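Dear colleague,

My notes on what was found in it follow directly after.

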Amino acid sequence: MTRALLDACVLYPTVMREVLLGAASEGLFTPLWSERLLEEWARAAARRGELDEMQARGEIALLRAHWPKASIQPRDGDLARLWLPDENDIHVLAAAIAGSADLVVTLNIKDFPRNILAEEGVARQDPDGFLHALWLEHPEALQRVGAKVLAQAEEMDSVPHDLRKLLKKARLPRLAKALAG
């Protein structure tokens, strides 16, 4: 099974995270992250206010409980030897290596050059491409995930939503087209 390290930028915002973790709950891949990535998510939520930060920290606690083996500690040796265009992302690659990840799922394409990741045996994929590939292999599972995310959004907002628009807004246009088609 594919082991995918989820970068902070795909853990927050909510809809993208819920679709990714829904696919993981369906057994389509094994999610990985580091404590630093979870903290980055909480800090990003905090910029929207104290309530958002509290909600993020609660969701992080649930993630830890649901996937107790998903948190990876990068090794000091990897942190010291690796180079990426943005030194703040070195911990992401180091965590991927420590967790034997097959790929890093990120929106930050320019900060993770494929050639550098390939030297470490790690690929990079954007969340929409990753989820679309999963849909091609497991369409029924992704339909279930989409339906669940849609129901959650409607419950939270107390208004009806269109799945395609919801996913497109979450920067998942290929998956949106696949699930709505």
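Asp102 is partly exposed, because its relative accessible area is 36%, where buried means under 20%, exposed over 50% and partly exposed in between (1.4 Å probe, protein chains only). The model is a predicted one, in which local features need pLDDT of at least 70 and side-chain atom pairs count only at pLDDT 80 or more, while totals for chains, interfaces and linings use all residues. Residues are numbered from 1 along each chain as its sequence is written, and side-chain values use heavy atoms, with hydrogens and water left out.

Asp102 sits in the loop between α6 (90-98) and β3 (103-105); helices (H or I, at least four residues) and strands (E, at least two) are DSSP runs, numbered from the N terminus. Leaving aside neighbours within four places in sequence, Asp102 is in contact with Met1, Thr2, Arg3, Gly121, Val122 and Ala123, contact meaning heavy atoms within 4.5 Å. The C-alpha atoms of Asp102 and Arg124, which are 22 residues apart along the chain, are separated by 8.6 Å.

Turning to helix packing, the axes of α8 (residues 127-137) and α9 come within 5 Å and cross at roughly 125°, axes being lines fitted to C-alpha atoms, for helices over the stretch in contact, with angles from 0 to 180 degrees between N-to-C directions. On the α8 side, Leu131, Leu134, Trp135, Leu136 and Glu137 meet Pro139, Leu142 and Gln143 of α9.

As for open space, the largest pocket holds about 760 Å³. A pocket here is an open set of points on a 1 Å grid over the protein atoms alone, where a 1.4 Å probe fits, with protein on both sides within 12 Å along at least five of seven lines, and lining residues have an atom within 4 Å of a point; grid points are joined across faces, edges and corners, and a volume is the space filled by probe spheres set on the points. Of the 28 residues lining the largest pocket, Pro13, Thr14, Val15, Arg48 and Met156 lie nearest its centre. The elements giving two or more residues to that lining are α2 (14-25), α3 (35-46), α4 (50-66), α9 (139-157) and α10 (163-169).

The second largest pocket has a volume of about 370 Å³, and among its 17 lining residues Glu18, Leu21, Trp67, Lys148 and Gln152 lie nearest the centre.

With best regards
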